[in-house]
Amino acid sequence: MTYAPLPIVIAVILLMGTLSTEKKIEEVNGTYWVKPTRLDSLNALMLAMTHVESRGDSLAYNKREQAAGVLQIRPIMLREINQQLRRAGRTYQYTREERFSKAMSERMFLDYVRLLHPNDSLECIARCWNGGPKGMKKKSTIQYWQRVQKQIVLSRTLFCRRELFSHSINLSS
């Protein structure tokens with residue numbers, strides 16, 4: 001696994017609102033590096049997908065696909081997530097209306113990952129979200145993944161420039 005420079009990882013962590021206390025910070029040639037957790041990476045992926053899917057509009061609706069909310073969740077995806085929740089012994093079932101809630105859409109996405117892609121790469125998760133269970137085999141999902149990757153990089157860069165480079169980080173205490 002590659003490590004990211006501390007300012008970039010902290011930018012993504014702050015942007016996502018998650019800061020795990022189990023971060024591993026290493027010093028290499030005077031530069032501090034942090035290995036992001038799986039949750040950090042999933043949050044960065046989710047934020048990028050939210051931008052690509054709807055530009056963050058919780059009321060977004062694609063009539064042709066019946067896709068709704070910030071992550072453009074289709075009815076078939078909702079059924080799949082609910083089916084997997086039942087198989088896992090969970091009694092909660094998501095509703096179509098909850099797709100319009102940013103918080104509930106994010107919970108659906110994280111349940112989707114936990115239940116169907118617990119160890120898969122970010123690329124696999126994004127492409128299967130976009131193209132269904134066989135998304136990794138579909139050429140049509142490659143462009144989607146490229147847009148998501150680009151958004152992850154843009155989010156990191158913009159946040160770093162705006163917030164972090166105006167602050168000093170002291171790790172010597």
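This is a predicted model: local features need pLDDT of at least 70, side-chain atom pairs count only at pLDDT 80 or more; totals for chains, interfaces and linings use all residues.
Residues are numbered from 1 along each chain as its sequence is written. Local features need pLDDT of at least 70, side-chain atom pairs count only at pLDDT 80 or more, totals for chains, interfaces and linings use all residues, and side-chain values use heavy atoms, with hydrogens and water left out.

Helix 3 covers residues 75-87; helices (H or I, at least four residues) and strands (E, at least two) are DSSP runs numbered from the N terminus. An α-helix has 3.6 residues a turn, so residues three or four places apart point the same way.

The axes of helix 3 and helix 4 come within 10 Å and cross at roughly 55°; axes are lines fitted to C-alpha atoms, for helices over the stretch in contact, and angles run from 0 to 180 degrees between N-to-C directions. The two helices are therefore oblique to each other, since angles under 35 degrees count as roughly parallel, over 145 as roughly antiparallel, 65 to 115 as roughly perpendicular and the rest as oblique. Met 77, Leu 78, Glu 80, Ile 81, Gln 84 and Leu 85 of helix 3 meet Met 108, Asp 111, Tyr 112, Leu 115 and Leu 116 of helix 4.

Helix 5 also packs with helix 2 (residues 38-54): their axes come within 11 Å and cross at roughly 35°. Here Arg 38, Ser 41, Leu 42, Leu 45, Met 49 and Glu 53 of helix 2 meet Leu 122, Ile 125, Ala 126, Trp 129 and Asn 130 of helix 5.

Just after helix 3, Gly 89 has a phi of about 85°. Gln 66, although not a glycine, has a positive phi of about 55°; this residue lies in the loop between strand 4 (61-62) and strand 5 (67-68) and, at 35% relative accessibility, counts as partly exposed. Gln 72, likewise not a glycine, has a positive phi of about 50°. Gln 72 sits in the loop between strand 5 and helix 3 and counts as buried at 11% relative accessibility.

Note on methods. The expected span of a helix is 1.5 Å times one less than its number of residues. Contact means heavy atoms within 4.5 Å. Buried means under 20% relative accessible area, exposed over 50%, partly exposed in between (1.4 Å probe, protein chains only).
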